[in-house]
Amino acid sequence: MAEQTNISLPKASSDFGDIQISPNVLEVIASIASVQVKGVKRMRGSLATSVNELFGRKEMGKGIRLNFKDEKLIVDVYVYLNYGVSVPKVALEIQEQVKQQLLFMTELDLGEVNVHVEGVVHEKQDKRSNSKNLLNGNSSDKGEK
């Protein structure tokens with residue numbers, strides 16, 4: 001998780017004062033941008049986020065880690081992808097979406113968007129169709145000759 005210090009938006013300063021944004025907001029923006037990419041199954045969560053979701057509290061910023069290096073924002077995205085998608089294509093699309101959304105919504109200069117593919121999730125098959133095929137195959141083998 002990102003540090004809990006607010007980030008001043010440099011281009012948004014005016015005579016009325018500065019505009020600051022919480023790192024949690026940046027995490028939510030990056031997470032939503034990532035899951036909207038076709039081929040992303042879900043974001044990586046922790047035990048704490050899993051427990052919170054069991055109690056009905058949706059964690060929108062999970063799977064995102066923020067760092068600052070040389071006055072540039074570095075975003076690490078941790079995702080699970082659907083089986084059968086092109087990993088490089090989906091990863092590039094995640095990078096573009098995160099960069100575009102953070103620039104559009106905050107005007108922050110991004111240094112890097114690193115995509116970490118944590119795993120590939122295969123769609124579950126319907127068990128009823130498999131069990132019918134097994135039963136039909138077994139009953140024909142036991143037939144009389």
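Predicted model: local features only at pLDDT ≥ 70, side-chain atom pairs only at ≥ 80, totals over all residues.
1. A patch is built from residues with over 30% relative accessible area and no salt bridge, where like charges are joined within 9 Å and nonpolar side chains (Val, Leu, Ile, Met, Phe, Trp, Tyr) within 5 Å; a salt bridge, in turn, is a side-chain nitrogen of Lys or Arg within 4 Å of a carboxyl oxygen of Asp or Glu. Accessible areas come from the Shrake-Rupley method with a 1.4 Å probe, and for residues only the protein chains shown count as cover.

2. Residues are numbered from 1 along each chain as its sequence is written, and side-chain values use heavy atoms, with hydrogens and water left out.

3. The overall plan of the protein consists of four helices and six strands, where helices (H or I, at least four residues) and strands (E, at least two) are DSSP runs numbered from the N terminus. Read from the N terminus on, these elements follow the order β-β-α-β-α-β-β-α-β-α. The protein has 145 residues, of which 29% count as buried; buried means under 20% relative accessible area, exposed means over 50%, and partly exposed lies in between (1.4 Å probe, protein chains only). The accessible surface of the protein comes to about 10,600 Å², with 51% of it belonging to carbon and sulfur atoms. Among contacts (heavy atoms within 4.5 Å) with a separation of 6 or more, 64% are between residues 24 or more positions apart.

4. The largest nonpolar core has 24 residues, and those with the most contacts inside it are Leu26, Leu73, Val75, Val77, Ile94, Val98 and Leu102. Two or more residues each are given to this core by helix 1 (23–35), strand 3 (40–43), strand 4 (64–69), strand 5 (72–82), helix 3 (87–106) and strand 6 (110–121), and the largest share, five residues, comes from strand 5. The term nonpolar core stands for a set of buried Ala, Val, Leu, Ile, Met, Phe, Trp, Tyr and Cys residues joined through side-chain atoms within 4.5 Å. As background, nonpolar side chains in soluble globular proteins tend to be buried together.

5. Helix 1 deserves a separate look. This helix has 13 residues and reaches 19 Å from its first C-alpha to its last, close to the 18 Å expected at 1.5 Å a residue, the expected span being 1.5 Å times one less than the number of residues. Its buried residues are Pro23, Leu26, Glu27, Ile29, Ala30, Ser31, Ala33 and Ser34, and what covers them includes strand 1 (7–8), strand 2 (20–21), strand 3, strand 4, strand 5 and helix 3. Leaving aside residues up to four places away in sequence, Leu26 touches Ile7, Ile21, Leu66, Leu73, Leu102, Thr106 and Leu108. Asn24 is also found in helix 1, but Asn24 counts as partly exposed, at 31% relative accessibility.

6. How many salt bridges does a search of the whole structure find? The search finds one, and in this pair Arg65 is joined to Asp76, with the closest N and O atoms 3.5 Å apart. The pair links distant parts of the chain, since Arg65 is in strand 4 and Asp76 in strand 5, 11 residues apart. Arg65 is partly exposed, with a relative accessible area of 36%, whereas Asp76 is buried, with a relative accessible area of 5%.

7. Ile74, in strand 5, is buried, with a relative accessible area of 11%. The C-alpha atoms of Ile74 and Gly111 are separated by 5.4 Å, although these residues are 37 residues apart along the chain. Not counting residues up to four places away in sequence, Ile74 touches Arg65, Leu66, Asn67, Lys69, Glu112 and Asn114.

8. Glu107, placed in the loop between helix 3 and strand 6, has a positive phi of about 60° although it is not a glycine. Most residues other than glycine have a negative phi. Glu107 is partly exposed, with a relative accessible area of 41%.
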